[in-house]
Amino acid sequence: MKKIKNLTFALALGLGITMVSCSKDTAVVDEEQDTAIGIPQDVLQKAQSLHFNTFDMQEASFEKPNGKIEEGYMMEGDIFFTRDQLMNMELGGDITSKQYRTNNLVSPGVITIIGYTGNNSNGLTTKMQTGLRWAVDNYNALNLSISFQLTFGTDYQNKDMVVYQVQGGAGGSAGFPSGGNPYKWVKINSGMAPYSNNVHEHVIGHEIGHSIGFRHSDYFSRQSCGQNSNEGSAGVGAIHIPGTPTGWDPTSLMNACFSSSEDGEFNGNDITALNFLY
């Protein structure tokens, strides 16, 4: 099985197909401590208390469509936090099962989401726009207590969520909700260009999933990335969603890594999880 370590965020599954791992730049790590070096101790301890994988935790810059750069930390390859967001986050529950969420969820109602089409490097490509439409349709088809109202353009300031392009390898990144609102900024990397509309649909749907409160489905093992990095005993870090199975589900949209043959659709367990939460 061929695996590709990209310099950004993405996902991977399957046999005999291209694998894309969920990572940004390689972090400087202490192999004995198995944690990132250079992260302030209070931030590192907070991340560990929330049961994030801190092995590849790193300082990161988050580019917005207007060129503004926000500083913070990247963990698990595609989840970004500012210092304040991380330090104010509280989690709990069982991390041994398939679907998990954060305590930070989105209030019921309509989420306004815009695909940014500015005539610059942040504008979505045609494939990205198609993938966004299909991903939003997938969520709206479930008749949840949240729904998405999709537009395209450049007037994003008053929108709840903005999907836009940044330079980088295949994949994307986002964050978690706060104050009942979804995470606003969903970045899709320029390295997605060779992939199909379905893979674009998968990656965008996955990042929207983070923005409304989902953790990686294989958080306890990262098996979709060909890894075995169980974070330890249950008790903190993610809340198991009733009705979803234990163990790895290789077709979940929310697995940490993706393949070049994704169809972009929710599987039955993803739908169970969404219906339970929303």
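Which residue stands opposite I188 in β13? In this structure, G172 takes that place. Let's look at the surroundings of that pair and then at the rest of the chain.

**Before we start**

This is a predicted model, in which local features need pLDDT of at least 70, side-chain atom pairs count only at pLDDT 80 or more, and totals for chains, interfaces and linings use all residues. Residues are numbered from 1 along each chain as its sequence is written, and side-chain values use heavy atoms, with hydrogens and water left out.

**The whole chain**

The protein chain has five helices and 15 strands. Helices (H or I, at least four residues) and strands (E, at least two) are DSSP runs, numbered from the N terminus. Of its 278 residues, 57% count as buried; buried means under 20% relative accessible area, exposed over 50%, and partly exposed in between (1.4 Å probe, protein chains only). Among contacts (heavy atoms within 4.5 Å) with a separation of 6 or more, 69% are between residues 24 or more positions apart.

Strand β13 covers residues 185-189, and five of the five are buried, so the strand is largely enclosed by the rest of the structure. On one side you will find W185, K187 and N189, and on the other V186 and I188. Two strands pair if DSSP finds at least two bridges between them. Here are two partners of β13:

| Partner strand | Sense of pairing with β13 | Bridges |
|---|---|---|
| β11 (residues 161-166) | parallel | five |
| β12 (residues 172-173) | antiparallel | two |

Besides G172 facing I188, Y164 stands opposite K187 in β13.

**A buried methionine**

M128 is found in helix α3 (residues 126-140). Is M128 buried or exposed? With a relative accessible area of 1%, M128 is buried. Leaving out residues up to four places away in sequence, M128 touches Q165, I188, N189, S190, M192, H200 and I204. M128 and N198 are 70 residues apart in sequence, yet their C-alpha atoms are 10.0 Å apart in space.

An α-helix has 3.6 residues a turn, so residues three or four places apart point the same way. Keep that in mind for the next two helices.

In helix α1 (residues 41-49), the buried residues are V43, L44, K46 and A47. Viewed down the axis of α1, they fall within an arc of 160°, so they line one face of the helix. The arc is that of the directions from the helix axis to the C-beta atoms.

In helix α5 (residues 268-277), D270, A273, L274 and L277 are the buried residues. Their arc around the axis is only 95°, which puts them on the same side of α5. At the N-terminal end, N267 caps α5, with a side-chain oxygen 3.0 Å from the backbone nitrogen of N269.

**One disulfide**

A disulfide is a covalent bond between the sulfur atoms of two cysteines. Here a disulfide is counted when a pair of cysteine sulfur atoms lies within 2.5 Å, and the count comes to one. The bond joins C225 to C257, with an S to S distance of 1.9 Å. C225 lies in the loop between α4 (197-211) and β14 (239-240), and C257 in the loop between β14 and β15 (258-259), so the pair ties together parts that are 32 residues apart in sequence. The torsion about the S-S bond is about 95°, so this disulfide is right-handed. C225 counts as buried at 6% relative accessibility, and C257 counts as buried at 1%.

Notes: A polar contact is a pair of N or O atoms within 3.5 Å; within protein, one must be able to donate a hydrogen and the other to accept it, and residues adjacent in sequence count only if both atoms are side-chain atoms.
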